[in-house]
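Please keep the structure in view while reading.

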Protein chains: 2
Amino acid sequence: MNNRIVTISREFGSGGRTIGKKLADRLGIPCYDSEIIQRLADKSGFDEQYVKNAGEYASGGFFSTLANRTFGPTNEDYLWRIQYGIIESIAKEGPCVIVGRCADYILRDKADLLRAFIHADITFRAERIVKVYGEREDSPEQRLRDKDRKRAAYHRYYTDMKWGHAQNYDICLDSGRLGIGRCVEILASLY
Amino acid sequence: MNNRIVTISREFGSGGRTIGKKLADRLGIPCYDSEIIQRLADKSGFDEQYVKNAGEYASGGFFSTLANRTFGPTNEDYLWRIQYGIIESIAKEGPCVIVGRCADYILRDKADLLRAFIHADITFRAERIVKVYGEREDSPEQRLRDKDRKRAAYHRYYTDMKWGHAQNYDICLDSGRLGIGRCVEILASLY
């Protein structure tokens with residue numbers, strides 16, 4: 001298998017983004033993460049912060065907008081189509097790592113993919129979001145559960161893939177148990 | 001992490017058992033698979049073939065026996081308790097690889113574990129069961145789906161774990177995409 005593109009899906013706080021960046025550095029190829037958000041904001045005209053959430057999470061209004069689809073596509077649908085196109089064009093530019101954004105699904109038939117999923121238990125992730133992102137919530141665990149739930153709902157709606165099911169990925173790694181460095185090593189060895 | 005025991009859960013036909021045996025050979029430690037069935041048959045007095053299925057799959061009568069639990073424990077419950085004890089005692093004997101039998105769940109608090117899940121797409125598995133096991137069914141795919149369903153139901157009932165959810169394992173590998181040899185290498189590197 002000649003894995004030209006690595007997609008990394010991840011649980012919030014698991015270090016998937018860090019793993020993606022370190023992996024790309026190691027392999028000497030670009031890592032797309034915030035760059036996608038930037039392109040998406042530019043192309044759609046929406047605010048960057050809005051795009052960041054709406055392109056990956058089911059928002060509070062997501063389910064009510066589902067019911068409103070008889071009135072035509074929603075903002076989420078519009079963003080999804082633009083995101084789809086951006087990821088397809090990134091994949092054509094050459095080998096890279098793409099973090100999140102349903103890239104595994106979008107590129108499923110088009111690229112030579114290694115599809116990774118990074119997860120960790122809630123204690124590891126809660127400690128990490130407090131330490132790395134300086135999260136100040138009373139309950140980082142509650143925030144993680146909420147993020148997981150919304151990300152899973154978004155994935156399910158647009159991709160019909162069950163997020164976090166091993167069968168959807170070539171490799172799934174527990175970054176809390178194995179360590180971020182070891183995860184990078186394993187993925188690099190598969191490239 | 002000092003992984004003294006490796007547990008391998010696997011989809012039927014994915015090569016998980018082969019990976020377990022090759023891994024154990026590589027590490028110079030025992031691999032428990034059919035040995036567990038043998039011990040279970042000896043201890044329970046049940047036939048080996050019965051034990052092989054009843055200790056890992058929900059049988060045709062499994063769900064009707066669930067309804068009959070008001071009449072006391074079933075044969076499956078009895079086997080589960082013996083299996084639990086056998087796996088605990090194997091873990092005390094020293095480092096090893098254990099294939100299947102819910103060992104990941106049984107040892108979750110007791111041993112220094114590396115919990116692996118091996119899966120592959122249905123085409124890879126169907127070809128493999130015909131080639132390796134000489135399966136002669138008209139539809140090996142249908143047989144695989146049936147096996148998957150019964151194994152998932154058994155796991156869910158006795159362990160309350162969702163079988164095949166990445167979050168339940170330290171590492172999940174697609175043996176069809178990565179190859180059996182590469183799976184062995186990755187697991188050996190983590191030991």
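Which side chains meet in a salt bridge, N to O, at 2.8 Å? They are those of A:Arg177 and B:Asp170; a salt bridge is a side-chain nitrogen of Lys or Arg within 4 Å of a carboxyl oxygen of Asp or Glu. Between chain A and chain B the count is two salt bridges.

This is a predicted model, in which local features need pLDDT of at least 70 and side-chain atom pairs count only at pLDDT 80 or more, while totals for chains, interfaces and linings use all residues. Residues are numbered from 1 along each chain as its sequence is written, chains are lettered from A and ligands numbered from 1 in the order in which they are written, and side-chain values use heavy atoms, with hydrogens and water left out.

The interface can now be described as a whole. Contact (heavy atoms within 4.5 Å) involves 23 residues of chain A and 23 residues of chain B. The two chains bury about 1,900 Å² between them, 50% of it on carbon and sulfur atoms; buried area is the accessible area (1.4 Å probe) that two parts lose on being put together, summed over both. A:Gln167, A:Asp170 and A:Arg177 supply 28% of the area that chain A buries against chain B, more than any other three residues.

Two strands pair if DSSP finds at least two bridges between them.

Strand 5 of chain A and strand 5 (residues 171-174) of chain B run antiparallel and are joined by three bridges. Here A:Leu173 has B:Ile171 as its bridge partner. Within chain B, strand 4 (residues 113-119) pairs with strand 5 in the parallel sense over four bridges, and B:Ile118 stands opposite B:Leu173.

Confidence remains to be considered. The mean pLDDT (the predictor's confidence in each residue, from 0 to 100) of chain A is 86, and 90% of its residues reach 70 or more. Within chain A, strand 5 has the highest confidence, at 98, and helix 4 (residues 62-67) the lowest, at a mean of 56. Where pLDDT is low, the predicted coordinates should not be read in detail. For the complex, the predictor gives an ipTM of 0.87 and a pTM of 0.89.

Key:
Helix = DSSP H or I, 4+ residues; strand = E, 2+ residues; numbered from the N terminus.
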